[in-house]
Each structure stands twice: as structure tokens, then as C-alpha cells.
Amino acid sequence: MSLEFPLYRALNGSDTLYRIDGLRHFVEWQPLGKSRWLVHEHVAEIYPSQVLVQSLIQAEDAQVKLSREEWNSRRLKREEPEQEHTVGTIAKTAADPAIQEGIDLASWTTFGISAHAAHWISARSDDDVRFALSWRQERNSALLVMGGGSNMLMHADWEGLALHVGIRGVRVLKDEDGRIEVVVGAGENWHDWVMYAMKNGWHGLENLALIPGQVGASPMQNIGAYGVELKDRFLWLEAIHVQTGSLKRFDATACEFGYRESIFKSSEKGQWIIVRVAFSLEENAPLQTGYGAIQQELKALPEQSWTHSDVAKAVMHIRSTKLPDPKELGNAGSFFKNPVLSSDEFKPLQTAHPQVAHYPQSDGSFKVAAGWLIEQAGWKGKHRGTHGVHVNQALVLVHYGGATGADIWQLAEDIMHDVRLKYGVQLEPEVNQIGRH
Ligand SMILES: Cc1cc2nc3c(=O)[nH]c(=O)nc-3n(C[C@H](O)[C@H](O)[C@H](O)COP(=O)(O)OP(=O)(O)OC[C@H]3O[C@@H](n4cnc5c(N)ncnc54)[C@H](O)[C@@H]3O)c2cc1C
């Protein structure tokens, strides 16, 4: 089986080229003068683009079908466009990237557990991603998609292809009346992107500063911290289908965001590779200072003077004092999600344990602090030689060196079992378990 997309077309009797990335997405290269291209990206949601994309696919009258090589050589006759319509990587069609063998993923994951990928590739463009997908389809290899490796626990060597998404680039789509729409390559580092946005005066992401990982993984679990979630500033994302290679745009509704959840972790799990994410930011975004810890940090400053930068600094200070830095101590942040209980489930727990730390939710349910349950059950700071529970934060499992994924998972299972026995609450891991049988 081979990928259906992209398909390559040219307009009969003209230099105009098309690349069809999916049923609703194509890019048009119109010749401009002697040596330049004008590149338009079309998301075919409405008539007449929808009709055009169908006729392009069928190439009935006006268009001719081209192979990738023919299309590329026609395109390269002209210079690269100075500026493309979306992130610069969309049109890259350079040489295919190299597949490497036997890479130890210890340095590609923040847990730092040794596990070898039989094959490894870093994709710098949509085309690289498609190349990697066809490569692994031809060999029937299992696929592991990786960003910064800060939310995964490797249980074993990976016998298939590990695909690191390294697509870079930041491009402003719209900047009007203090509202900014920006599209960011999936391979950009999340914290660097937040800092870059702050530097430009694009606000709304400051509470999410210092979260490890890459931009492309941020929608996967709708990352959140200190009262803000990705979904609050999310516009859309584009992703490539693993089987067909087609590119599709997902808006927030299509992503089905929830607490540390999205469609990419549920019904569409393993189906898509996110290649870019667009954000909606504001110059005057309201400051999100509802969290007690942030208020505490800011209390030395008069409230009228608080700025977005003060909030970002407060968040970074809290995080660096509370959470272990993966560069110094292997971990993947919160290992467990905070369980969300219905009122009927929560009341008996609260009656038996009046001190239970919890946050009432707008739908009447209660989010219980998993860290409180684990700490009260006596696990905080537990040490098992090579690994254990962090001394300051019971939600974080840590790797001191020499542990396997199975060792960490055994500890996680023991904690889940104990919390279930003592509180009747089932904890769920937040961290993605890779290769667990
Ligand atoms: C110290 C520390 C603190 C943390 N604090 C927080 C926090 O406050 N809030 C929070 O929400 N999270 C937190 N995390 C978890 C983690 O940083 C986030 O989940 C982050 O978004 C993971 O990004 P990543 O690029 O490292 O993803 P990875 O670990 O590489 O991947 C995570 C999952 O997403 C998939 N994936 C990755 N990239 C793509 C892509 N482009 N397309 C499709 N699938 C992809 C992977 O296959 C995997 O299933 C923390 C982690 C650490 C180590």
C-alpha cells in the first residue's frame, strides 16, 4: 500500500502547479514574473474551492497529472518564493532525510530511560513526514511519533520507526486591533515559543511557561497549568494522516479537548501527525492570576502594576522550586491525572477525609488532587534505589539512573493499588506508556 497524498498536478498549457495534500487542502504555485512563485494555500471548506479540489484530484480536463519528480523539477525551474502563505516548511521538497539505526532514546526522553529505536528519523517538513510514512509502510514497521519525549515512558526497545517531528517556523497570519493569529511549526520548543510570543507582546500563554516539550504535542493532552489550558488560545492545527498522507485542518471543536484529553488520545489515537498549530493571542489578554500560588508570588508588587511578564516570571519561579528539572533528574512531570469524580462519588470521600484537596468543577463534578491522595497514602519521597517518588511533589515519579520502564511502571501500579484500597479512587496515568504489553 502506498500513500494517496500528496498528488501533483499542473495546469494544462501553463506553468501553474498544484500539490493536493488532502481532500480539503491544496497549495497552488502561480508563476510570478520570470523567476518567482506566488504560493496560495487553500483549505477547501467552501464552494468553489471544494469543486476545484475534486477536479484537481481527477485531473479531468484542465489539469495534467505529474509524478513527484516531474512536479519538483518544474517547480525548481523558478526560485524559491520569498514568502509563503503559511509556515515556511510547507513547500520544502529537498532531498529525503536520512533514516538512522539503533538510536538510544534515553537522551530523547526526559525520563532518560534507555530504550533503542530500531530506526529513527527527524522530519523537518511535511514532505519529510510523508517520506517517513511511506518508508515505514513499505516495511510494515510500527510507528512512534516523538516531540520532546517529556510525556512518555518507554517500556521496551522500539522495534519500528521513531519519527521525531522537527518542523520549525513561526508565521503571523493576522495582526489586527491587538489580536494576533500565529501559526507555529510542531517542532518548535514549547517554552521558547511562549517566550518568543511574550517578547513580541502576544499574550495569553504566559501561565503555560516552562512546560517541557514541543508545540506539536501541546494539543495532544491539551496541556494546562495554573488555570490556563492550550484550548483557551488554540485556533486550529494541521495534521498528516498516517495511512493516506493527507493533510487536514482541525479546529477546536474537532479536537474534542477535555482535561488532559483530545481526540488524538481517544478515537483518533495513532492516526495523525500534527505538523503545525495556530494560536489566537492578544496584546491585552486578561491576566490569569486566580491561582493562590501566583497571587503569593505577586503580592510584593502593587496589583495595578502586574504585567504579563510578572505572571510568566511568577509561574517560572513556582515551577522551578516545585518540580524537578529533567536535565538534573529524570521525570515526565505529573505521572497521574487528577481524578474527576461525580458529586455522588466525591461526597463519601470528603466525609471520610474532610481534608481532601479538591477543586469544584463548573459541571458539578470535583477534581481531586492526586498528589494529595498519594502523599497521604505515604508515598511522597519513597526511594527504590534507581527510582522513586519525588520528595517535594508526590505526583512526580523520578528516575535516579539505571531503572527500566517496567521498574517505574511497577511503582506506578503499587501507588494506584494503594490509593484504590485507601480511598476507593482509581488513578490514571497522564504519561503515555510506550511499548507496554
Ligand atoms: C518537569 C515536567 C513538567 C511538566 N508539566 C506539565 C504541565 O504543567 N502541564 C502539562 O499539561 N504537561 C506537563 N508536562 C508534560 C509534557 O511536558 C507535556 O505533555 C508536553 O506537551 C509533551 O510534549 P513532548 O513534545 O515532549 O511530547 P512527547 O512526550 O514527545 O509525546 C507525547 C505524546 O504525544 C505524541 N506526539 C508528540 N508529538 C506529536 C505530533 N507532532 N503529532 C502527533 N503526536 C505527537 C507522542 O506519540 C506521545 O504519545 C510536564 C513534563 C515534565 C517533564
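**Terms and their cut-offs**

Mentor: Leu 237 has a relative accessibility of 0% and counts as buried. This is a predicted model, in which local features need pLDDT of at least 70, side-chain atom pairs count only at pLDDT 80 or more, and totals for chains, interfaces and linings use all residues. Residues are numbered from 1 along each chain as its sequence is written, and side-chain values use heavy atoms, with hydrogens and water left out.

Trainee: Why is Leu 237 called buried?
Mentor: Buried means under 20% relative accessible area, exposed means over 50%, and partly exposed lies in between (1.4 Å probe, protein chains only). Leu 237 is at 0%, so the word is buried.

Trainee: Where is Leu 237 placed?
Mentor: Leu 237 is in strand β15, residues 234–241. Strands (E, at least two residues) and helices (H or I, at least four) are DSSP runs, numbered from the N terminus.

Trainee: What does Leu 237 touch?
Mentor: Leaving out residues up to four places away in sequence, its partners include Phe 250, Phe 264 and Ile 274. Contact means heavy atoms within 4.5 Å.

Trainee: Is Gln 214 buried or exposed?
Mentor: Its relative accessible area is 13%, which is under 20%, so Gln 214 is buried. Gln 214 lies in the loop between α4 (190–199) and β13.

Trainee: Which residues are closest to the ligand?
Mentor: They are Val 145, Gly 147, Gly 148, Ser 150 and Arg 319, among 33 residues that surround the ligand. A residue is near a molecule if one of its heavy atoms lies within 4 Å of it.

Trainee: How far is Arg 319 from a nitrogen atom of the ligand?
Mentor: A polar side-chain atom of Arg 319 lies 2.7 Å from that nitrogen. A backbone N or O atom of Gly 224 lies 2.8 Å from a ligand nitrogen.

How values were computed. Polar contact = N/O pair within 3.5 Å; in protein donor to acceptor, adjacent residues only side chain to side chain.
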